[in-house]
Structure formats: structure tokens, C-alpha cells
Amino acid sequence: MLLRGRRRVGKSRLVEVFLERVARRTGISTFWFTCTEGETPEREREQFAAELTASDLPGAADAGGDAAATWHMALRRLADALDDDQPAIVVIDELPWLVAQDSAAEGALQTVWDRYLSRKPVLLVIIGSDLAMMEHLTSYGRPFYQRGAEMILDALNPAEVATMLHLDPADAFDAFMVSGGLPMICQEWPQGARWDGYLRAALNDPASALIVSGERTLTAEFPSAIRALDVLKTIGSGERTFTTIASRLGGSTPLNPASMNNALRALIDKRVIVADEPTSNHAAPKERRYRVADPFLRFWLRFVGPALPLVERGRGDLAMTAIEASWRPWRGKAIEPIVRSALGQLLPSEQFPDALVVGGWWNRISNPEVDLVAVDEVADRGRVVFVGSVKWREDGMFSGTDLAVLARDASMVPGYSPGVPLVGVSRAGFEVGGLATMWSPDDLIEAWSRDATPVQK
């Protein structure tokens, strides 16, 4: 089984609980090896041999010993340590790090699995946080293509955050934008607390899950790729276009296009950022905009990372003041991809049976920017199904002015015509008619509520 999911989502902990509840209560032998980022292959095999010898596998004492010269030999020893009749569970955690340091390890694992391990009564669990690498391992022509079950462990979704934290849908979306649904953050989040109540406490504790999760994610993802990390931080600060990112990094001399392209490609390949293109009946790849893919990292890079010096000197209050000053405009933009994701699950519907793709639209100068555009095809020349606006204000309903602005901006979307419906999303409700559909936080959370299961702290 190949288990993948983004960092800090609880993959290793999930497997550990499985071993505690199943393997160790029934006496099934286990072996767990965690790969080390940046370690040399020789030192990694030494550690593998030492941990194999110390494990409770039936033949561990005979199979262990000195480090093997190759990963093929090391994995053969693992196979020899397994019994032919008694079941066992083997876990290899963070396999992508092992493959990155020694390209031969991937082929060795495939060979030993096919010839030896697959003939034993063993459950082999492979865990990885590098989503692209884990997907690559199961693609056609790769070691585990059709060889194992795949499992994706996602963070808690907004409906699960609402259940776990005892929050109404509107406040749950705010909590989701701060926590990204990371279980460790939600565990330390007081039930019923709004976003600002949690942050005041978390920013006064340098060891809080909020602080630590961001630092460890960046350290693990970018141990040496300094340029990619700089680009990511620039995007996280709010820059979205190729030109503005390059200018911000280069100062008076913008970063050269080749370096920028390499950094952006690396970030996209790692699923860390997303390159959005305007959605309409006309493709506009030159107008792509970049954003941080993960809601938690989006918040952390914008607010927490820059505030670390304040947090470390015990002035979380100043960090909180800075967040409160920028929270509303930031939240108004940060909620948009989450709304689009929700509508992507709620649609097509009886009202909009042709709404297959939901995105946003903007022109070259990003004036105007339209929050919601649905089309009936992914490819160019799709028909525009509806155009909409998102208003996530706490103290202001969707107004007649908002509707007038939406009608004006919608007329600029390629493919729009007067017969195309206008829709709205509002946190605080609607004081105006004239919209084909009006979605509230309660409506949006239904996108996940249908599949949500009770979550306990």
C-alpha cells in the first residue's frame, strides 16, 4: 500500500495507530524504517541494517549485521528476515527521500518485491509526503504500477473542521483558512473558538503547532532549493504574476526568466503552488496567476513567517495586531479558491447541469477580476454557464452595489451574454434580488458534509 499526503497531515501517526491497534495486539511482527533527508546512501543502509537487526521480525538476527553494499542486498536481507507462514507488516516512511539520494533504490525495491517480498505474507506500507514522487512511483512503467493499493490522506475538510471545533459554517471556513485542516493545529484549537481567539494564544507560544508546522514544512520541502523558497515566499506575500514576482526578487534587476521558470516549475511539480488561468470561452495562458496551493501555508507565509521575530521575543500581541489589520482583505481573496473548490463538488446541479468547470477571470491588468466563472468544457471555446461574485464580509450583506459591479464586470468576460445567469456567494447574507442563485456558508459546507465523518479531538 502506498500512502501519500502533504506534510504534517498525520500519515505516519495513522500507520502507527494501526500498528498499535492491530499488529501489536495480535503479535504480528513489524519493521519500521524512516528514511532521512539528505543522508548518504551508505549511512542510510547502515541505519537500515541496525534497525532490521533490532526489529522483532523472525529472522532479524540472522538477516541484519553490517550494512549491505547495495539497496538490492539490503532489501533481500529484509525478505530473508520474514517468515514464510507468519504475517508481518513492513513500513518504509518517506521513501521519496531514499529515492532522491540513490536512484538505484527504486529499481531495487521493485525487483525484490516481485521476486521475494510479494511471495511472503507481508503488508508493505510505503509512506511519502512528496506528492509528485509518490504519484510517479505508481505511474506506467514505474516500480509500483498496478502493484499496490494507493491511499491519499487529506487534511480535514471544512465540514470536519466545523464538527471537530464545534463551529458554525462561517467560522469553520475561517478556521480552515488558518489551519488548513491540519490535525495537529485543530487538536490544540479550543472548541468553539474563532480564528482570532486561537491565534492570540498560538502566537504567544513559539512551540505551538501553528508555528512549528510551517517551519518544518518549509525545511523539509526546501532544504537547499533557496531560489524556489524565495519564489514561494514572494508568492505567499501576495505577488501573483511572473513579472511582479521576478521584480520583487530582483529589486532593480528582475530575476532572469530562466531562473524564474525553473523555480516555478519545481514548485508546481511539488504541488506547492498552482498556476491559475482565466476561465472563459477563450484560453489566455499568458495571463496565468500563481498562488500557494495549501490553505495553511498560504496563511503562514503571509502572516506567521514574517512575524517569527516578534513571536520569538514574546511579542505575539504585535504579530496579532498586524494580522488583524490585514485580515479582512486577505480573507476576501483567500476564500475564493475554497469557494470554487466547494462549487466544483456541488456542481453540476439541476439548476446548472452544464457547469463542469468553475474558475475565475481577469484581464491583463487584473481590472476587473471576476470571482466565479463556470463553463461547460475544460478546453478552449467552452460556453459560459454563469458568472458570480464572492463577498465574505462579516458586517455587510451582498448589496445592490455589489450586484451592479458584478453585472458591469461580467460583461467583460469572453463568452458572456446578457442571458448568462449571475450568482453570488455571501458570508453575511443578501439584501438584493436579481441573482440566479445565492450561496451561503451553510450551502458551501454541504460540499463536504455529505462525506464527513464524526471527528474527535
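This is a predicted model: local features need pLDDT of at least 70, side-chain atom pairs count only at pLDDT 80 or more; totals for chains, interfaces and linings use all residues.

**Entry 1: α17 against α19.** I started with who touches whom: Ile 338, Val 339, Ser 341, Ala 342, Leu 343, Gln 345 and Leu 346 of α17 meet Asp 443, Leu 444, Glu 446, Ala 447 and Trp 448 of α19. Contact here means heavy atoms within 4.5 Å. Sorted by class, I get eight nonpolar, two polar and two charged residues in this contact. For the classes, Ala, Val, Leu, Ile, Met, Phe, Trp, Tyr, Cys and Pro count as nonpolar, Asp, Glu, Lys and Arg as charged, and the others, Gly among them, as polar.

Residues are numbered from 1 along each chain as its sequence is written, and side-chain values use heavy atoms, with hydrogens and water left out.

Two packed helices are described by the angle between their axes and the distance between the axes. For α17 and α19 (residues 441–449) I noted an angle of about 65 degrees and axes 8 Å apart. The axes are lines fitted to C-alpha atoms, for helices over the stretch in contact, and angles run from 0 to 180 degrees between N-to-C directions. Helices (H or I, at least four residues) and strands (E, at least two) are DSSP runs, numbered from the N terminus. α17 passes α19 in a left-handed crossing; that label applies if the near helix is turned anticlockwise from the far one by less than a right angle, and right-handed applies if clockwise.

Entry 2: What does helix α17 lie across? I found α17 (residues 316–346) across β8, β9, β10, β11 (422–426) and β12, running at about 10 degrees to β9. The sheet is open, five strands in the order β8-β9-β10-β11-β12, with mixed pairing. From one strand to the next the twist averages 30 degrees. Two strands pair if DSSP finds at least two bridges between them.

β8 and β9 are antiparallel over five bridges, and Val 357 sits opposite Val 375 in β9. β9 (residues 369–375) and β10 (residues 384–391) also run antiparallel, joined by four bridges. There, Ala 374 stands opposite Phe 386 in β10.

Is β8 mostly covered or uncovered? Mostly covered: five of its six residues are buried. Buried means under 20% relative accessible area, exposed over 50%, partly exposed in between (1.4 Å probe, protein chains only).

**Entry 3: α4 and its cover.** α4 (residues 71–81) packs on α6 (residues 104–115) at about 35 degrees, axes 8 Å apart. The crossing is right-handed. I listed Trp 71, His 72, Leu 75 and Arg 76 on the α4 side and Ala 105, Ala 108, Leu 109, Thr 111 and Val 112 on the α6 side. That makes six nonpolar, two polar and one charged.

Which residues of α4 are buried? They are Trp 71, Ala 74, Leu 75, Leu 78, Ala 79 and Ala 81. They cover an arc of only 165 degrees around the axis, so they are on the same side of α4; the arc is that of the directions from the helix axis to the C-beta atoms. The cover over these buried residues includes β2 (29–34), α2 (41–54), α3 (60–63), β3 (88–93), α5 (95–101) and α6.

Entry 4: I logged a cis peptide bond between Leu 347 and Pro 348, omega about 0 degrees, with Pro 348 in the loop between α17 and β8. Another cis bond joins Asn 367 and Pro 368, omega about 10 degrees, and Pro 368 is in the loop between β8 and β9. That hairpin has six residues between the strands, and Ser 366 takes a positive phi near 55 degrees.

Arg 8 has a positive phi of about 70 degrees without being a glycine; I placed Arg 8 in the loop between β1 (2–4) and α1 (11–26). Arg 271 has a positive phi of about 65 degrees, also not a glycine, and lies between α15 (257–269) and β6 (273–276). Arg 271 is partly exposed at 37% relative accessible area.
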